[in-house]
Amino acid sequence: MKFKFAVLPLMVFAASAAAESYQSISHAELSSTEYDTPFGSVDTDEINIDTTYFFAPKEALGPLKEFEYINKVTNLSAAHSYLDVDGSDSDALGIGGEYFAANGFVVGGAYTDSEDSDVNTLSAGYLFTPDFLAQVHRVKIEGFDADYFADLRYNYALGGSDYVGFNFIADDDFDYRTLSSKFFKALPGQTWLVLGGEYTSIDQGENSWDLDAEYYFSKETSVNVGYNKSETFELGVSHFFNRNIAGSLAYNTNSDTDVDTFLLGVTVQL
């Protein structure tokens, strides 16, 4: 059962008067972790790269990296991850896409190839309104039976570009349930606040939760903090050097395990 829960993150991207728009968004992130074990120190390095091309421009909501809660634009994506643990490495490659028809129907698919197993995902759904999207995902992990997940996403507009969004996902047995939410608010002086949270409940498993907040000093620069049930705290900063290129730096630490991780990222939006 734990395999189908772990794959879920793989399935799953009122403008201002002078809003910027983009058709491709790409990220690259390097993380480095060092921790002690009874057998000595372990060094872990990970590189994650992903890119998404949208077939129509997407407008930023003010901050250059903030977009509408429910994507409604046909897209293609690709991702690659590389993990090195003390000289032992592995990698995974994924591709995917979504098609939004004019009549509201949505279809999508994704394929992930890794050294452990291959994962195929097929999706179908309907955009009932611009603020409500319902989908069903079929996830097939190599060597296991296919599992099905209901995915409901709702956006409640608060006026202007402000909103609060909700996303609920559950499997067909209803023994996995996750609810996440995001709050976006424009503040005086061309600043913005974003709050987020997620709670996951698993039958015969351990429940989890995490909280995060991000404050935008301007449309280019932000600082963020996060905390979760496993007592991991994260602090990060992000800055766009121009309308297309941004850099990010983050540090997280776990008070229970004394594991520290440094993350360095680059974003390119065109």
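Colleague: Which residue in strand 11 is the bridge partner of Leu179?

Modeller: Tyr199 in strand 11 is the bridge partner of Leu179. Keep in mind that this is a predicted model.

Colleague: How many bridges join strand 10 to strand 11, and in which sense do they run?

Modeller: Two strands count as paired if DSSP finds at least two bridges between them. Here, strand 10 (residues 176–187) and strand 11 (residues 191–202) are joined by twelve bridges and run antiparallel. They form a hairpin, with three residues between the strands. Gly189 sits in that turn, with a positive phi of about 75 degrees.

Colleague: Where does strand 11 pair next?

Modeller: Strand 11 also pairs with strand 12 (residues 208–216), over nine bridges in the antiparallel sense. Look for Glu198: its bridge partner in strand 12 is Asp210.

Colleague: How should I read the side chains along a strand?

Modeller: In a regular strand, side chains alternate between the two faces of the sheet.

Colleague: What stands opposite Tyr126 in strand 7?

Modeller: Ala134 does. Strand 6 (residues 118–129) and strand 7 (residues 132–141) are antiparallel, with ten bridges joining them. Two residues lie between the strands of this hairpin.

Colleague: And how many bridges pair strand 7 with strand 8?

Modeller: Eight, again antiparallel, with strand 8 spanning residues 147–159. His137 stands opposite Phe149 in strand 8. Strands 7 and 8 form a hairpin with five residues between them. Gly143 in the turn has a positive phi of about 90 degrees.

Note on methods:
Residues are numbered from 1 along each chain as its sequence is written. This is a predicted model: local features need pLDDT of at least 70, side-chain atom pairs count only at pLDDT 80 or more; totals for chains, interfaces and linings use all residues. Side-chain values use heavy atoms; hydrogens and water are left out. Helices (H or I, at least four residues) and strands (E, at least two) are DSSP runs, numbered from the N terminus.
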